Amino acid sequence: MTDAERREAARQFYNKWVGRGKEDEDDRSYWIDFLQDVMGVDHVTDRIEFQKKVLNDKGSLSNRIDAYIPETRVLIEQKSLGIDLSKPQPGHNNKTPYEQAKEYDNALPVSEKAKWIIISNFAEIWVYDMDTRVPEPTKFMLGDIPAKYCLFEFLTNKNEKKISQEIEVSVKAGEFVGLIYDALLKEYKNPENEESLKSLNMLCVRLVFCLYAEDAHIFGENGHMFHDYMEQFEIKDMRKGLIELFKVLDTPEDKRDPYDTSMLSEFPYVNGGLFADENIEIPNFTEEIKDILLAKASEGFDWSMISPTIFGAVFESTLNPETRRSGGMHYTSIENIHKVIDPLFMDELSKEFEEIDAIQVVKTKKQKLQSFQDKLASLKWMDPACGSGNFLTETYLSVRRLENKLIRSLLNCEKGSVDGQLVMGAAINPVKVGIDQFYGIEINDFAVTVAKTALWIAESQMLKETEDIMLMHIDFLPLKTNAFIVEGNALLIEWEKIIPASQLDYIMGNPPFVGFTFMTDAQKKDMELIFPGVKNLDFVCAWYKKANDYIKGTKIEVGFVSTNSITQGETVARFWEFLDFKINFAYQTFIWNSEANDKAHVHCVIIGFADFNRTEKFIIQENSIPVKVGNINPYLMDAPNVVVKSRNKPLCNVPKMVYGNKPADGGYLIIEDEDYASFITKDPNSKQFIRPLLGAVEFLHNKKRWCLWLKGASPSELKKCPLIMERIAKCKENRENSKAAGIRKFAATPTLFAQITQPEGKDYILIPRVSSERRRYVPMAFLTSETIVSDAVQIVPDADLYEFGVLISNVHMAWMRSVCGRLKSDYRYSKDVVYNNFPWPTPTEEQRQKIELTAQGILEAREKYPQSSLADLYDPLTMPPELQKAHIANDKAVMKAYGFSIKDTAESDCVEALMKLYQKLSEEKG
């Protein structure tokens, strides 16, 4: 669902439920509507349990939870409209709705305990985050839903750590940074100078750190030290005051003037090198700069609420000239980061902790918790294309949250608990996980600084959560550790010099999404070093090759996001011959939403790999749970590791497939339908030379197009057609001016298409080269030789009903979906990969006749709907029952010809069998 669609659905939800709601009659409908219509959840009743039984305090199954979402561990206590959610309820032992829900939660096993508790009276929804020390409700009115529906992602997204207000705050913070940047830039003497711009970027990083440190009480408990310090200066003195502040922040307390009693003396020592360079260029301040920095960005805005994962990327892109020009704030969503890091390591680490936490023997539990904490503190991660550090930052946050849970459990083991409140722990820092366990490589110097700063902010936030658990203060400053983020070209740097492979545990990230046609000259040179002599590979392939070589002989596991092109079509054979790792998990094609404002819908895959096989492998389809598989091949299918190479002739003894006719005419031999009537009116003699022209769009959507088909035309007849002669002359001129030498040679024959494959006097099967992924079958049809086809389609001359039946069967479609290329997510049917490599069956004569009969049945079913286009007929929502029935009959006939069990063969089984057959036939062909 788009944002607009969800807002409208939320508005309709409000209109439906305003002023109504009885607990026993409407709670199911209310939450089903909310999840299905507003949150866009499919199969809602499979995702939510109503009236879930729990034990009461006597151990009997008499209590019931109104609603429970197992996937995200959301417990819902529903009350009727008008019930005061803050007051005890008669009939429920005078407990408030929250106390009642908490009692139910206490009765649940550890694995089911609520991550979130919701209480509602239809008009209000109160949300409790149970991961906080003292859960406090975030309150929403029913009327808030249309504007704040996005804050309920936690209902369906198990990776949602906080209600998404931090996303909004982070983006707003990025806007403030943009304002500060623009105001400062105007005051530089030479705003185009590269060194000045570097100084400006560093200045903005320092200001952001000060704003954050103030609100997070890192500078002091009063929470406004930076604001008050800067506010005391007149405009003309603010620059000098800032320079003095930066110097003090970089000076240890024991090295400062012992007699200084000014406000500066109250600021702590920061360390970490953030304020070390005294030579950065700082311009004079103006009233505008002061207003933005102190009034807009400081007063009334809480920087401590930002998500360092998101804000780091928003901050970096705000100050990046290219993204500023495009008007977008770019960040990778936390949800998408977890699609990589959860299956790579977080799921296993969380599972290990939960198993330890469930141990009942205190001594054993304590020992295992301590060992597990040591394990967490020993792990090391690297992102070799880290940008502003979002993968590193979110990984750090996730591991530290897990460590905080562990610390809470350890404290319970040590001291026990009183009324659910932890007693005071020892006055030591119990944290062992540090940002010095994180390594990154990034080519942009500014992004390196932002990444380090984001990790420091993340460290301070996690330390505050630890303080809440321990009920004690832990000093954050001076900064004691630093992430190892290196500025440089990851394709030229030896990763072993960043961190020896023997010391690393995990590599993750989303290397640059740059297609081979869009690479810069420098990037092409880098690719040539990684893949000598190999062309037409996307830039991301280089990171796979570097990782493949780096992890050999180690236990390192890798998880990369990349465009889905590397697992499709001809790229597979070119690319995967360089790799010998084992794929242990994979996300098949999904849309990677990576923008805050201008969402870039990139179709991606995630590949988790290592130099060893995991005990269990799994494939994840978009919006589905993991499916355990025996093997994952380069097409990300549960099938043998077979790579289908481009082949210029069919593997089996079948008719040859060819591309349609290629005009290469600048459009001058083609007549659009809206111009056809006028053309033949002005030039009546031309009609004999005009033929219908079909490309993929015309074929699928019943659209008309025409072309000048002048093959064999008499020159004397052509000269009687002035409009045709005019078109021929323009075609010749267009070809002569082409940059491609291959096209210029066709200027000698301007009356003809550049390449002609049109069958003469016989029918042929037409297959569009691109077709929607929504269709179960790629539409195909028989056409006569009178209809000219363009190179947007492919054709099979000399084919009969048998070939048609096999090609349009579910067996061939399963093969096509596995090995074809994609245009975004649509199927790109290739003759050299899909058709020429397809392993055909060897049917008996009876089986062949049956396929011919069922193929004819498909054509006859279509004829019942002469006004419907093939796009309409093959739309899964409007496909006629007769056509569906005909296809099912044909599918069965083809499966029998292969010897496949109709009842027991899933598509994955079909692909596996076809891959084995392809491998056998290829070996026989030599």
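1. Is Phe804 buried or exposed? Phe804 is buried, with a relative accessible area of 0%, where buried means under 20% relative accessible area, exposed over 50% and partly exposed in between, computed with a 1.4 Å probe on protein chains only.

2. Before going further, please keep in mind that this is a predicted model, in which local features need pLDDT of at least 70 and side-chain atom pairs count only at pLDDT 80 or more, while totals for chains, interfaces and linings use all residues. Residues are numbered from 1 along each chain as its sequence is written, and side-chain values use heavy atoms, with hydrogens and water left out.

3. On the aromatic side, a search of the whole structure finds 49 aromatic pairs, a pair being two rings of Phe, Tyr or Trp (for Trp, the six-membered ring) whose centres lie within 6.5 Å, with planes under 30 degrees apart counted as stacked, over 60 as edge-to-face and the rest as tilted. One of them is the stacked pair of Tyr98 and Tyr128, at 4.0 Å centre to centre and with 20 degrees between the planes. This pair links distant parts of the chain, since Tyr98 belongs to helix α3 (residues 97-106) and Tyr128 to strand β5 (residues 124-129), 30 residues apart; helices (H or I, at least four residues) and strands (E, at least two) are DSSP runs, numbered from the N terminus. Both Tyr98 and Tyr128 are buried.

4. Phe804 has an aromatic partner in Phe782, and the pair is tilted, with 5.3 Å centre to centre and 40 degrees between the planes. Here too distant parts of the chain are linked, with Phe782 in strand β24 (residues 781-783) and Phe804 in helix α25 (residues 801-807), 22 residues apart. Whereas Phe804 is buried, Phe782 is partly exposed, with a relative accessible area of 25%.

5. Ring pairs also link a cluster, whose members include Phe13, Trp17, Tyr30, Trp31 and Phe34. Arg20 lies over the face of Trp17, at 4.1 Å from the ring centre, the criterion being NZ of Lys or CZ of Arg within 6 Å of the ring centre and within 35 degrees of the ring normal. In another such arrangement, the charged end of Arg848 sits over the ring of Tyr802, 4.0 Å from its centre.

6. Turning to the sheets, four strands form an open, antiparallel sheet in the order β18-β26-β22-β24, where two strands pair if DSSP finds at least two bridges between them. Strands β18 (658-659) and β24 stand at the edges with a single partner strand each, so one side of each is left without a neighbour in the sheet. Two bridges join β18 to the antiparallel strand β26 (residues 793-797), and Val658 has Ile795 as its bridge partner in β26.

7. Another open sheet of four strands has the order β19-β21-β20-β25, with mixed pairing. Its edges are β19 (670-672) and β25 (788-789), each with a single partner strand, so one side of each lacks a neighbour in the sheet. Three bridges join β19 to strand β21 (residues 705-708), and the two run antiparallel; Ile671 stands opposite Trp706 in β21.

8. In helix α9 (residues 287-296), Ile289, Lys290, Ile292, Leu293 and Leu294 are buried. Seen down the axis of α9, the buried residues fall within an arc of 165 degrees, so they line one face of the helix, the arc being that of the directions from the helix axis to the C-beta atoms.
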